[in-house]
Amino acid sequence: MKHIEHVEEIFSLLKKDLTKYRQPIVSRPKKEYTDTPFTTLISCLLSLRTKDKVTEQASLQLLQKYDTPEKILRLSEQKIISLIYPVGFYKTKAKRIRQISQTLIEKYNGSVPEDFNELLTLNGVGRKTANIVMVYGFKKHGYIPIDVHCHRIPNRLGWINTKTPEETENELKKIIPEHYWDDFNDLFVTFGQTICVPISPFCSRCPIELFCKKILVTKHR
Ligand code: SF4
């Protein structure tokens, strides 16, 4: 089986370096609202195609008061829009949040199903969101949520050569020791937002430059 050279050193350097940055709200251990699988699910839906700062503000406005499917259903779609604006696709998301709350009450007694494949049956929930709910909502091991950063960076490092997030998820599971899976998403999202950014990454202040093949990196700072 292929393995990543210096994997321990790489994870330890990233962990140490990234403590100075603010973590995304979805994976942050301490939140200003009740941390449950439901609030994780809703916050993750809000984060799709939305900057972290905006996601954080929308999550706080909605979830500090309305943190269960029952409470959400007391809100009109218009009210949800006013609480989550300006997240991307706020109208669609407001509709989805109500639909999902309704489904959870009708099918799952108001709880979020603790099953990856069941999560995928919820309207608007894809692999990334389902993985996030399993890792950060249920604190389960054995999942790696892949977003754009988690897909881009391992390809740049030369660990994998993949075209889709799903392929990345499968390949990473073969080469990253399982005890790093829980930390992977949080570390690489923070790293991708701050140093290994999509266009012109900050290689000159990268803690793991020594181990990076910089695949397809044509411009860096
Ligand atoms: S050296 Fe540059 S491309 Fe490689 S991981 Fe660091 S920031 Fe990203």
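At what angle do the axes of helix H3 (residues 52–63) and helix H5 (residues 77–84) cross? In this predicted model, the crossing is at roughly 135 degrees, and the two axes come within 8 Å. Two packed helices are described by the angle between their axes and the distance between the axes.

**The H3–H5 contact**

H3 brings Ala58, Gln61 and Leu62 to this contact. On the H5 side they meet Ile80, Leu83 and Ile84. By class, the contact of H3 with H5 has five nonpolar residues and one polar residue. No charged residues take part in it.

**Two domains**

The protein chain is divided into two domains. Domain 1 covers 7–22 + 143–211, and domain 2 covers 37–137. Their C-alpha centres lie 26 Å apart. The contact between them takes 11 residues from domain 1 and seven residues from domain 2. Which helices supply the side of domain 1 that touches domain 2? Helix H10 (165–175) and helix H11 (181–194) each supply at least two residues of that side. The residues on this side of domain 1 divide into five nonpolar, two polar and four charged.

**The largest nonpolar core**

How many residues does the largest nonpolar core have? It has 47 residues. Those with the most contacts inside this core are Ile42, Leu62, Ile84, Val133 and Phe191. Eight elements, listed here, each supply at least two residues of this core: helix H1 (7–18), helix H2 (37–47), H3, H5, helix H6 (90–108), helix H8 (127–137), helix H9 (148–157) and H11. The core also draws at least three residues from each of domain 1 and domain 2.

Phe191 has its own set of partners. Leaving aside its neighbours within four places in sequence, Phe191 is in contact with Leu14, Leu18, His149, Ile153 and Cys196.

**Backbone details at exposed residues**

Pro86 is found in the loop between H5 and H6. The peptide bond from Tyr85 to Pro86 is cis, with omega near 10 degrees. Is Pro86 buried or exposed? Pro86 counts as exposed, because it has 11 C-beta neighbours inside 10 Å and the cut-off for exposed is 12 or fewer. Trp159 lies 73 residues from Pro86 along the chain, and their C-alpha atoms are separated by 36 Å.

Two residues other than glycine have a positive phi: Ser200 and Leu216. Ser200 lies in the segment after H11. Leu216 lies in the segment after H11 too. The table sets out their values.

| Residue | Phi | C-beta neighbours inside 10 Å | Class |
|---|---|---|---|
| Ser200 | about 55 degrees | 11 | exposed |
| Leu216 | near 60 degrees | 8 | exposed |

Ser200 counts as exposed because it has 11 C-beta neighbours inside 10 Å. Leu216 counts as exposed because it has 8.

Key:
Residues are numbered from 1 along each chain as its sequence is written. This is a predicted model: local features need pLDDT of at least 70, side-chain atom pairs count only at pLDDT 80 or more; totals for chains, interfaces and linings use all residues. Axes are lines fitted to C-alpha atoms, for helices over the stretch in contact, and angles run from 0 to 180 degrees between N-to-C directions. Helices (H or I, at least four residues) and strands (E, at least two) are DSSP runs, numbered from the N terminus. Two residues are in contact if their C-beta atoms, placed from the backbone, lie within 7 Å. Ala, Val, Leu, Ile, Met, Phe, Trp, Tyr, Cys and Pro count as nonpolar, Asp, Glu, Lys and Arg as charged, and the others, Gly among them, as polar. Domain bounds come from an automatic or database domain assignment. A nonpolar core is a set of buried Ala, Val, Leu, Ile, Met, Phe, Trp, Tyr and Cys residues joined through C-beta atoms within 7 Å. A residue is buried if 20 or more other C-beta atoms lie within 10 Å of its own, exposed if 12 or fewer, and partly exposed in between; C-beta atoms are placed from the backbone.
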